[in-house]
Amino acid sequence: AQTVTQSQPEMSVQEAETVTLSCTYDTSESDYYLFWYKQPPSRQMILVIRQEAYKQQNATENRFSVNFQKAAKSFSLKISDSQLGDAAMYFCAYLSNFGNEKLTFGTGTRLTIIP
Amino acid sequence: DAGVIQSPRHEVTEMGQEVTLRCKPISGHDYLFWYRQTMMRGLELLIYFNNNVPIDDSGMPEDRFSAKMPNASFSTLKIQPSEPRDSAVYFCASRQSPGSNQPQHFGDGTRLSIL
């Protein structure tokens with residue numbers, strides 16, 4: 001079974017600075033997808049960014065980018081120019097591409113933005 | 001476009017009572033997922049449907065939990081009888097096929113409190 005580990009329960013960053021959230025995963029599969037979801041206090045789960053394992057190029061979405069290291073099974077999220085609205089819980093998630101639709105989540109990292 | 005719609009947003013009831021949570025997926029999405037989120041266990045997949053058919057219910061904790069999807073635009077998660085340990089936030093999510101790279105879109109969740 002796949003597992004997703006987020007080793008940083010809490011992180012904080014000064015507004016306008018850059019922060020990196022860590023995620024590692026364990027799998028024996030070669031083809032899969034990785035996601036970062038954001039959960040603000042409003043509770044809604046919002047997709048931030050996704051990465052296909054077969055793509056070597058790291059995904060980017062505006063201020064959000066990932067560092068995908070397939071051999072190391074690492075999938076970190078970098079937030080540049082942090083804004084107050086970025087404050088939330090961030091969840092890393094894994095999805096197999098072999099027909100199993102189960103999205104496996106990490107335990108989350110709570111990000112605080114310091115004004 | 002309307003997102004995934006869940007109701008109620010909050011539910012408080014006494015143990016032993018029947019609880020019904022409702023979900024309307026995004027139109028055109030043929031996968032529907034029910035998740036439970038607790039502090040202790042994080043986000044867990046309970047069950048998912050494809051084209052209204054339950055595919056994997058291995059995450060359903062007990063026989064007290066049941067889920068149905070009578071048509072493409074509606075699903076329910078029922079707990080009968082409810083217990084205090086069922087208190088959690090329950091999320092519904094949907095996505096379209098083909099392709100596992102299609103992200104799951106989450107509703108706002110139902111916060112359930114069993115007294």
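A polar contact is a pair of N or O atoms within 3.5 Å; within protein, one of the two must be able to donate a hydrogen and the other to accept it. Keep that in mind as we walk through this predicted model. Between chain A and chain B, the rule finds 7 residue pairs in polar contact, both residues of each pair being at pLDDT 80 or more.

**Stop 1: the strands on chain A's side**

Select β5 (32–39), β6 (46–52), β10 (88–96) and β11 (103–105) of chain A. Each of these gives at least two residues to the side of chain A that touches chain B. Which of them gives the most? That is β5(A), with 4 residues.

**Stop 2: the whole contact**

Next, show both partners together. The contact draws on 20 residues from chain A and 23 residues from chain B. The size of an interface is often given as the accessible area lost when the parts come together. Here the two chains, A and B, bury about 1800 Å² between them, and 50% of that is on carbon and sulfur atoms. Pick out A:R43, A:M45 and A:E101, which supply 39% of the area chain A buries against chain B, more than any other three residues.

**Stop 3: a salt bridge**

How many salt bridges does the rule find across the interface of chain A and chain B? It finds 1.

**Stop 4: aromatic rings**

Now display the rings. Over all chains, the structure holds 17 aromatic pairs. Begin with A:Y25 and A:Y32, an edge-to-face pair at 5.3 Å centre to centre, with 65 degrees between the planes. Are these two tyrosines buried or exposed? Both A:Y25 and A:Y32 are buried.

Then move to A:F105 and B:Y35. Why is this pair called edge-to-face? The planes of A:F105 and B:Y35 stand at 85 degrees, with the centres 5.8 Å apart, so the pair counts as edge-to-face, the cut-off being over 60 degrees. This pair crosses between chains, running from A:F105 in strand β11 of chain A to B:Y35 in strand β4 (residues 31–38) of chain B. A:F105 and B:Y35 are both buried.

**Last stop: a ring cluster**

Finally, select A:F35, A:Y37, A:F91, A:F105, B:Y31, B:F33, B:Y35, B:Y48, B:F91 and B:F106. Ring pairs link these residues into a cluster, and A:F105 and B:Y35 from the previous stop are among them.

How values were computed: Residues are numbered from 1 along each chain as its sequence is written. Chains are lettered from A and ligands numbered from 1 in the order in which they are written. This is a predicted model: local features need pLDDT of at least 70, side-chain atom pairs count only at pLDDT 80 or more; totals for chains, interfaces and linings use all residues. Side-chain values use heavy atoms; hydrogens and water are left out. Contact means heavy atoms within 4.5 Å. Buried area is the accessible area (1.4 Å probe) that two parts lose on being put together, summed over both. A salt bridge is a side-chain nitrogen of Lys or Arg within 4 Å of a carboxyl oxygen of Asp or Glu. A polar contact is a pair of N or O atoms within 3.5 Å; within protein, one must be able to donate a hydrogen and the other to accept it, and residues adjacent in sequence count only if both atoms are side-chain atoms. Rings of Phe, Tyr and Trp (its six-membered ring) pair if their centres lie within 6.5 Å; planes under 30 degrees apart count as stacked, over 60 as edge-to-face and the rest as tilted. Buried means under 20% relative accessible area, exposed over 50%, partly exposed in between (1.4 Å probe, protein chains only).
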